[in-house]
Amino acid sequence: MRSWDPRIEEMPVPELKEMQYRLLKTLVYRLYSFSPFYHDRMVANKVHPDDIRELSDVKKLPFMFKKDLRDNYPDKFFTAPREELVRYHVSSGTTGKPTVVGYTENDLNLWTNSLARALTSCGLGRGDTIQVSYGYGLFTGGLGLHYGAERIGAIVLPTSVGNTERQIELMQDLGSTAIACTPSYLLHMGEVAEKMGVSIAKDTQLKTAILGAEPWTEKMRERMEEWLGIKAYDIYGTSELSGPMFTECTEQKGFHIWSDIALTEVIDPASGEPVAPGERGELTVTILQKEALPMIRYRIGDITTMDEEPCPCGRTHPRVHRIQGRVDDMLIIRGINVFPSQVEHALMGIPEVGQHFQIVVDRKGALDDMMVRVELAPGSFSDKITDIMHIKSKVEHKLLNFLNVKANVELVEPGSLPRFEGKSKKVVDKRSL
Amino acid sequence: MDTKKYVIKQISVFSENRPGRLAAIAHALGEENVNILAFSIAEADGFGVVRALVDHPEKAKKKLVALGFNVAFTDVIAVRMKDKPGGLYEIAKLLGDANINIEYSYAYSGKEGAVLILRVDQVDDAIKKISAFGVQLIESSVFH
């Protein structure tokens, strides 16, 4: 299969690693010199750019978390001057405070190139019509795929999300050969098409789907490929890294992570140490060339495995497999999915309690019992029991609204809950003990 | 009448309902050489409120806040009761008839008789009614 940039994509592994090392070294020197945040964090971790003497020295560098971005909202993290910025994207913030990502012209170019390689690896190119049914706007999906598709010389049909019947008409009339959207939207489209009397498999020229931005399974892939007569490729990225960046190639054996763009590690989320090759762990990414919002050892929170063997397609870059879960693993309480981040989000708007919390899950008889422990904020104590009970029921009510499952609230003294960096430690699940 | 001198500053501390919390509070006050003259614990769902009359409320609050406790001051009054059957009834009826609500109360029996600590919704009115009835209120200066 042809590559968009064969020199890079098929570069022998030792040369790739050498290139990564040079890029890493440059990045670390640049950030140490120009980013107060990185400078302070490196000093706090007693690491100096001179300590980076080979690629594996990356593990000497401190991690970055989503929290760091939130704490520096909206743009305190940016390392490019304002004059250099050409775009913002803002994450949806459904699981917390939104994060703002800034881009320089070079950043957009890097992102677009990453997708140009990716789309080419899915067999797309000149002559293809790519219907971009990701949302256009603050979300990175629409504009990201749009630019990537244009770069490879495909025709872009920028339909964005919604107006599904019209999308299906256009797909037929303009002969879309590929679509980029969420897996659930493609399923919806297939159903709407059938109601219109249109078979996507027989009545359209659609052959390829680039699906992502939400979790999906191999089972869904099989079903969609057979039902819609397409090849479905998984796409990966997060707004913090620019947006969707990496896809599977036609081998469908994991996302190719372009080594000149990203240095990936898979680590044990508890110890921070690398896992053995092929083992499951938390994906950690260093974006080697970003200007506006650089990321060193950014812990995305996705659980996956990595394969460094060259791919049968001829590309030498490592592959990351389908995301298997989140570090802040969701809890299932009486059949309802609960994310600790939802609890965090619910508590944010209640000044009477602190931001720290602990979730304790137990089983009472046959039923799951969820308790959220929160700290009564200094200053919101008034001596009256009824006032405290009111705060308690206010928190319980808000949690029920956010989680759709009842949680008992226990108010505790300020400062009494453990402080952890990782969200996972905020959950005590006694059901598994 | 000057009701102010009868208004006593009570210290209230939010506490988790688990072993050792009262000890932590009492230890902190002891360290500061603060004497506890009267106290009570109210417990609710998973937490409690420790209320106390102490000889140095500001010092007590400063210390407890420094240790991370949630602390509040509340105005209460102290009434010297007849230490005999019917003593409590007299005061409760007096306030009830005046439509003054007792939010909570606790008592101790000291050297000079029984003392009732009252948290009421209308402090000034309560002081006036009780004085007019001829019952002795204890001045705050006796405590601190």
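A polar contact here is a pair of N or O atoms within 3.5 Å; within protein, one must be able to donate a hydrogen and the other to accept it. Keep that in mind for the close-ups below, which come from a predicted model.

**View 1. Chain B on its own.** Chain B is built from 5 helices and 6 strands. Of the 144 residues in chain B, 46% are buried. Among contacts in chain B with a separation of 6 or more, 69% link residues 24 or more positions apart. The accessible surface of chain B is about 7,300 Å², and carbon and sulfur atoms account for 50% of that.

**View 2. Where chain B meets chain A.** Chain B brings 22 residues to the contact, and chain A brings 18. Look for B:Phe14, B:Glu16 and B:Asn70: together they supply 38% of the area that chain B buries against chain A, more than any other three residues. Between the two chains about 1,600 Å² is buried, with 57% of it from carbon and sulfur atoms.

**View 3. Polar and charged pairs across the interface.** Chain B and chain A share 9 residue pairs in polar contact, and 4 salt bridges turn up across their interface. One to zoom in on is A:Glu413 with B:Arg21, whose side chains form a salt bridge at 2.4 Å, N to O.

**View 4. The strands of chain B that face chain A.** Strands E1 (8–16), E3 (47–54), E4 (71–81) and E5 (102–110) of chain B each put in at least two residues on the side touching chain A. E1(B) gives the largest share, 6 residues. By type, that side of chain B splits into 10 nonpolar, 7 polar and 5 charged residues.

Technical notes: Residues numbered from 1 in each chain as written. Chains lettered and ligands numbered in written order. Predicted model: local features only at pLDDT ≥ 70, side-chain atom pairs only at ≥ 80, totals over all residues. Heavy atoms only, no water. Helix = DSSP H or I, 4+ residues; strand = E, 2+ residues; numbered from the N terminus. Buried < 20%, exposed > 50% of the residue type's maximum accessible area, 1.4 Å probe, protein only. Contact = heavy atoms within 4.5 Å. Areas by Shrake-Rupley, 256 points an atom, 1.4 Å probe, with all protein chains shown as cover. Buried area = accessible area lost by both parts, 1.4 Å probe. Polar contact = N/O pair within 3.5 Å; in protein donor to acceptor, adjacent residues only side chain to side chain. Nonpolar A, V, L, I, M, F, W, Y, C, P; charged D, E, K, R; others polar.
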